[in-house]
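This briefing concerns the structure shown below.

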Amino acid sequence: MAKTLDIKLARILADPDCGDFILADAKDADMAYGLAAPGLSPEAHAGEARFRTLDEYRELIRTNVRQALVDIMLMSASTNEVLTLRERLFDGSPVTPAIRANDTTDIWLAEGGAYAGQPARPFRTATIDHAMCGRVDCPPGERGRGADLGLYSVTFNNDLGRDRETLEAYGRFRAEAEAKGFRHFLEVFEPNAPVNPIPDLPRYLIDMIVRTLAGVAGGGRPVFLKIPYLGPEAMERLAGYDRSLIVGILGGSAGTSFDAFSQLREARRRGARAALYGRMINQAEHQPTFIQHLRWLADGELDDAAEAVRSYHAALAKRGVASRRSLEEDLKATRRSLGYGGQAAAAGAPSGEFEKMSPQEKVEYNLARWRRVLGF
């Protein structure tokens, strides 16, 4: 079956104003959080913090793939092996399987770990060959068995040595991926622990994206970008700079339904043509219903975030699913973090305060933030 991702990529590149929008469900959190990755179980009782199991997490993936409203399902390499290679879940599905192709140190979020407070360094656990065929060295004829798409992330911290190391690692990945016919989309996080001050963070990030990709040609280029939504001005500048570059947003921490819906609507209006939602979908009361509302907003069938929240609550009530928030609370906007750790957390801290923290204070701040995000 034709994949909706491939159809939309071709149409958007031919006409960026065609109205198509790429939507992804990010279920790769086991490469960041460990046991907390699947999220809290709906069976948890007051005072308890029972997490879903990995099997339960994967069953949610199966359900969301079969719904066929997302264009991409992003997974860890190990989950990709189970669902794509063994179960053949994506055969006959319009959904494209993808893996998290690297795990930079700013997403090493083990309980009690100190990594999130230190400037990110490049690292890659997953291998392209295992994603594509489940073996350490794929014969050419087997490369189409698994996933041929991966998310590669970079985090710049305004430090010459570390940022050069990040770019060199990305260059090695691109060369291997192009040689093996493996596509990627590029995720650029906000600095998690900037070494030097950054007076204008949105401008710094979009400048780093533009200068990084200026030297990348042909099959080495990402099929699209995944970045924090940095506001309307930054999105319009980046989306308008190079119309052949498809810009997408990452969802960030869960927040309210209004946060999710208004972010998607606003980013789409400002030029974004893709969105990847992880925690927002994973913490939804009923994931398929939440995804349906994201799809309606992405396709312009709903154009008001508050209307979408009311519709979502009505749909939950019709299903007999209790909402964790009242409608009034879920219609409120909140301040949320936009990335996995560090500087992204500064969205919830007073301006300039994060940079002044000691390494231990940064770690404690980030761990406290993730406990709030994950609900324990």
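Is F123 buried, partly exposed or exposed? F123 is partly exposed, its relative accessible area being 40%; buried means under 20% relative accessible area, exposed over 50% and partly exposed in between, with a 1.4 Å probe and protein chains only. The model is a predicted one, in which local features need pLDDT of at least 70 and side-chain atom pairs count only at pLDDT 80 or more, while totals for chains, interfaces and linings use all residues. Residues are numbered from 1 along each chain as its sequence is written, and side-chain values use heavy atoms, with hydrogens and water left out.

**Overall composition**

- The protein has 14 helices and eight strands; helices (H or I, at least four residues) and strands (E, at least two) are DSSP runs numbered from the N terminus.
- Of its 376 residues, 55% count as buried.
- Among contacts with a separation of 6 or more, 70% are between residues 24 or more positions apart, contact meaning heavy atoms within 4.5 Å.

**Packing of α2 and α3**

- Helix α2 (residues 54–67) packs against helix α3 (residues 77–86) at an angle of about 55°, and the axes are 11 Å apart. Axes are lines fitted to C-alpha atoms, for helices over the stretch in contact, and angles run from 0 to 180 degrees between N-to-C directions.
- This angle makes α2 oblique to α3; under 35 degrees counts as roughly parallel, over 145 as roughly antiparallel, 65 to 115 as roughly perpendicular and the rest as oblique.
- On the α2 side the contact is made by R58, I61 and R62, and on the α3 side by S78, T79, V82 and L83.
- These contact residues divide into three nonpolar, two polar and two charged. In this scheme Ala, Val, Leu, Ile, Met, Phe, Trp, Tyr, Cys and Pro are nonpolar, Asp, Glu, Lys and Arg are charged, and the others, Gly among them, are polar.

**Aromatic pairs**

- Nine aromatic pairs are present in the structure. Rings of Phe, Tyr and Trp (its six-membered ring) pair if their centres lie within 6.5 Å; planes under 30 degrees apart count as stacked, over 60 as edge-to-face and the rest as tilted.
- W108 and F123 form an edge-to-face pair, 5.5 Å centre to centre with 90° between the planes.
- Both W108 and F123 lie in the loop between β3 (96–100) and α4 (128–133), so the pair ties together parts that are 15 residues apart in sequence.
- W108 is partly exposed, at 28% relative accessible area.
- F185 and F224 are stacked, 4.6 Å centre to centre with 15° between the planes.
- This pair links distant parts of the chain, 39 residues apart: F185 belongs to strand β5 (residues 183–189) and F224 to the loop between α6 (201–214) and β6 (225–227).
- F185 is buried at 0% relative accessibility, and F224 is buried with a relative accessible area of 0%.
- A cluster of Y152, Y170, F173 and F182 is linked by ring pairs.

- L316, in helix α11 (residues 305–319), counts as buried at 1% relative accessibility.
- Apart from neighbours within four places in sequence, L316 contacts E285, H286, V321 and S323.
- L316 and E285 are 31 residues apart along the chain, with their C-alpha atoms separated by 7.9 Å.
- E328, in helix α12 (residues 327–330), counts as exposed at 60% relative accessibility.
- A separation of 9.8 Å is found between the C-alpha atoms of E328 and V309, which are 19 residues apart along the chain.
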